[in-house]
Amino acid sequence: MPRKNQTCPFLIMLTFPVLQISHMALNSHSNEEEVETKEMDIRSLSSSRGHVHNTEYLHKVGVPPKQNLFREFTATVKETFFADDPLRHFKDQPRSRKLILGIQAVFPILEWGRSYSWRKFRGDLIAGLTIASLCIPQDIGYAKLANLDPQYGLYSSFVPPLIYAFMGSSRDIAIGPVAVVSLLLGTMLSSEIDPVKNAAEYRRLAFTATFFAGITQATLGFFRLGFLIDFLSHAAIVGFMAGAAVTIALQQLKGLLGIKKFTRKTDIISVMHSVWGSVHHGWNWQTILIGVSFLTFLLVAKYIGKKNKKFFWVPAIAPLTSVILSTFFVYITHAEKKGVQIVKNIEKGINPSSVNQIYFSGEYLFKGLKTGVVAGMIALTEAVAIGRTFASMKDYQLDGNKEMVALGAMNVVGSMTSCYVATGSFSRSAVNYMAGCETAVSNIIMSCVVFLTLEFITPLFKYTPNAILAAIIISAVVGLFDIPAAILIWKIDKFDFIACLGAFLGVVFSSVEIGLLIAVSISFAKILLQVTRPRVAILGKLPRSTVYRNILQYPEAAKVPGVLIVRVDSAIYFSNSNYVKERILRWLIDEEDQVKAASQPTIRFLIVDMSPVTDIDTSGIHALEELYRSLQKNDVQLILANPGPVVIDKLHESNFANLIGNDKIFLTVADAVSACSPKLVEEV
């Protein structure tokens with residue numbers, strides 16, 4: 001039998017003390033090694049195989065497969081201009097069906113008209129009659145605001161709504177002249193031609209501006225450039241509208257007070273100087289009595305409708321009621337003989353053709369083009385905003401580009417039928433919505449009522465006092481003051497509030513054009529500031545997790561010793577690449593000063609979290625290369641975390657990934673930190 005291995009008990013007794021001494025020595029040696037290892041982990045990434053096992057199971061950042069250049073370009077263009085995939089309905093359809101769908105795309109009424117019912121017509125009939133009672137007196141007043149005869153306001157609520165009903169996609173928007181665009185046209189056109197001395201040329205210029213407003217709107221929609229109107233921020237629009245409301249209300253003091261000689265300037269200083277300069281010899285107390293009385297009536301009616309939605313019809317019929325009562329009062333008292341100014345004659349009949357009155361050449365062509373583009377953009381911004389608001393309330397989709405084409409087409413046709421720029425009116429659209437409109441047929445009903453008014457009723461407006469028109473306009477523009485929106489803008493974004501305030505003050509103290517210019521300029525300045533000065537944050541590790549977040553948002557987040565973690569919250573382009581590089585280097589210097597003062601380990605790793613970096617260009621890559629060289633001189637290693645597909649592809653194409661090493665690019669910040677200092681991470 002083979003002998004078993006046996007251990008002598010005596011040998012064990014001799015060996016045991018030696019083992020104890022060896023164990024103590026090993027423990028002491030391991031503690032020293034642990035301290036040394038901790039320092040080494042801070043100083044450099046381990047290149048030995050003993051540390052590779054920590055990263056073997058980490059996911060690497062994937063490089064997307066190469067794409068065909070043409071396909072990539074096509075996909076980019078499609079996402080930019082056709083994000084909503086407007087041609088999806090045409091896929092896998094026979095040719096005849098595609099033709100029908102194409103016609104329905106241009107004229108949506110052919111699509112929803114097939115399911116039109118008597119129930120829907122009842123709602124549209126009530127809504128159409130309601131907004132007609134509101135629009136008729138408003139149109140007469142808005143025409144005077146645009147320095148045009150009263151019938152041109154009515155013309156603009158006859159033809160354009162019919163065109164929009166066939167081509168528009170909004171069910172709730174009510175089309176016609178609006179206060180802001182009327183004021184804009186009035187001020188811009190009167191600076192070129194005197195509307196009193198040269199009334200015929202002034203009208204021609206108004207039709208020319210309307211034509212080019214329509215061309216601008218249709219072009220933006222056809223080429224799917226609707227995103228351009230988004231450059232005018234919501235804050236700027238709020239301020240611009242409020243400023244326009246003040247200017248419009250001030251302009252109405254002429255009619256409300258019965259002043260005959262009034263300044264043509266729109267700034268508040270000139271207007272108030274003109275008002276108070278006429279106090280002793282220009283004011284007419286009968287006019288003031290009529291104007292103030294009916295203005296009070298209109299404001300009370302508006303308040304009743306706002307407090308109780310069931311009485312929405314009260315503010316809707318109040319303007320027409322005021323016109324009827326005031327006209328009757330002036331007629332029976334002959335107040336016009338006592339200085340009360342009246343509308344006098346409104347030309348009877350429907351829109352005459354104005355095709356031959358549009359300037360297609362000559363010195364006024366460019367002036368009409370300039371005014372038309374500005375008025376078209378403002379009208380477009382207002383109409384699309386109104387349409388989207390009510391579409392969201394009724395939960396249906398609104399194609400902004402189709403809306404632009406429809407608005408453009410109606411203004412082009414309108415310019416040829418003696419109309420000036422029409423768009424969506426918020427006050428009328430709100431009444432239309434509350435009155436229960438179902439489709440755009442409510443616009444057709446309104447247009448029919450305006451047609452009957454032009455044919456048969458206009459002579460009855462002869463004794464309508466100008467004061468009542470001024471009161472109607474003032475009560476209408478009160479709704480342009482959105483004080484809750486301004487307060488919310490102040491709370492959310494102070495820079496946005498500056499844009500809002502700048503637009504407001506520009507309109508009130510200078511002119512509509514200057515206010516609009518200030519609004520656009522501040523909006524662009526904000527975009528440029530955000531692009532050129534993106535946010536860069538320092539990240540820290542949240543307790544008991546592997547999550548790294550902004551230390552300003554999460555004060556409990558702890559920095560990792562020896563490691564600076566930053567996150568760039570923007571794409572890196574030529575406009576901001578140098579700032580990003582310098583911002584990171586400044587932070588690195590500040591951090592090194594702090595750790596030296598606190599006797600902590602020096603910074604040896606800079607980790608850049610690139611999760612929010614959606615794109616990078618050659619200037620951005622060049623800035624990263626400069627950052628890498630600067631860090632090398634200071635014995636600091638650059639680590640990248642989670643670059644996106646576009647970014648990682650460009651980093652490989654530019655050879656930057658090979659420059660810093662593929663082992664310095666990690667999927668997450670936690671992976672990068674654990675590779676830099678695994679033991680210290682556990683202690684944080």
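This is a predicted model: local features need pLDDT of at least 70, side-chain atom pairs count only at pLDDT 80 or more; totals for chains, interfaces and linings use all residues.
Which residues of H23 are buried?

**View 1. Helix H23 has one buried face.**
Helix H23 runs over residues 512-532. Its 21 residues reach 30 Å from the first C-alpha to the last, close to the 30 Å expected at 1.5 Å a residue. Buried here are Val512, Gly515, Leu516, Ala519, Ile522, Ser523 and Lys526. Seen down the axis of H23, the buried residues fall within an arc of 130°, so they line one face of the helix. An α-helix has 3.6 residues a turn, so residues three or four places apart point the same way. Leu517 and Leu528 lie on the other side of H23 and are exposed.

**View 2. Helices cover the buried residues of H23.**
The cover includes helix H9 (179-190) and helix H11 (234-251). Helix H16 (364-394) and helix H22 (494-509) are also part of the cover.

**View 3. The largest nonpolar core has 96 residues.**
Val181, Leu185, Phe240 and Ile378 have the most contacts inside this core. Helix H20 (residues 466-477) gives the largest share of the core, nine residues. Leaving aside residues up to four places away in sequence, Val181 touches Ala375, Ile378, Ala379, Val421 and Thr423. A second, separate core has 33 residues. Among them are Val566, Ile572, Val613 and Leu651.

**View 4. Helices H6 and H20 cross.**
Helix H6 spans residues 118-145. The axes of H6 and H20 come within 9 Å and cross at roughly 95°. That makes H6 roughly perpendicular to H20. From H6, the contact is made by Pro137, Gln138, Ile140, Gly141, Tyr142 and Lys144. From H20, Asn466, Leu469, Ile472, Ile473 and Ala476 take part.

Helix H24 covers residues 577-597. Its 21 residues reach 31 Å from the first C-alpha to the last, close to the 30 Å expected at 1.5 Å a residue. Its buried residues are Ser577, Val580, Lys581, Arg583, Ile584, Trp587, Leu588, Glu591 and Val595.

**View 5. Strands and a helix pack against H24.**
The buried residues of H24 pack against strand S3 (536-541), strand S5 (563-568) and strand S6 (605-609). Helix H25 (618-633) packs against them too. Ser599 follows H24 and has a positive phi, near 55°.

How values were computed:
Residues are numbered from 1 along each chain as its sequence is written. Side-chain values use heavy atoms; hydrogens and water are left out. Helices (H or I, at least four residues) and strands (E, at least two) are DSSP runs, numbered from the N terminus. The expected span of a helix is 1.5 Å times one less than its number of residues. Buried means under 20% relative accessible area, exposed over 50%, partly exposed in between (1.4 Å probe, protein chains only). The arc is that of the directions from the helix axis to the C-beta atoms. Contact means heavy atoms within 4.5 Å. A nonpolar core is a set of buried Ala, Val, Leu, Ile, Met, Phe, Trp, Tyr and Cys residues joined through side-chain atoms within 4.5 Å. Axes are lines fitted to C-alpha atoms, for helices over the stretch in contact, and angles run from 0 to 180 degrees between N-to-C directions. Angles under 35 degrees count as roughly parallel, over 145 as roughly antiparallel, 65 to 115 as roughly perpendicular and the rest as oblique.
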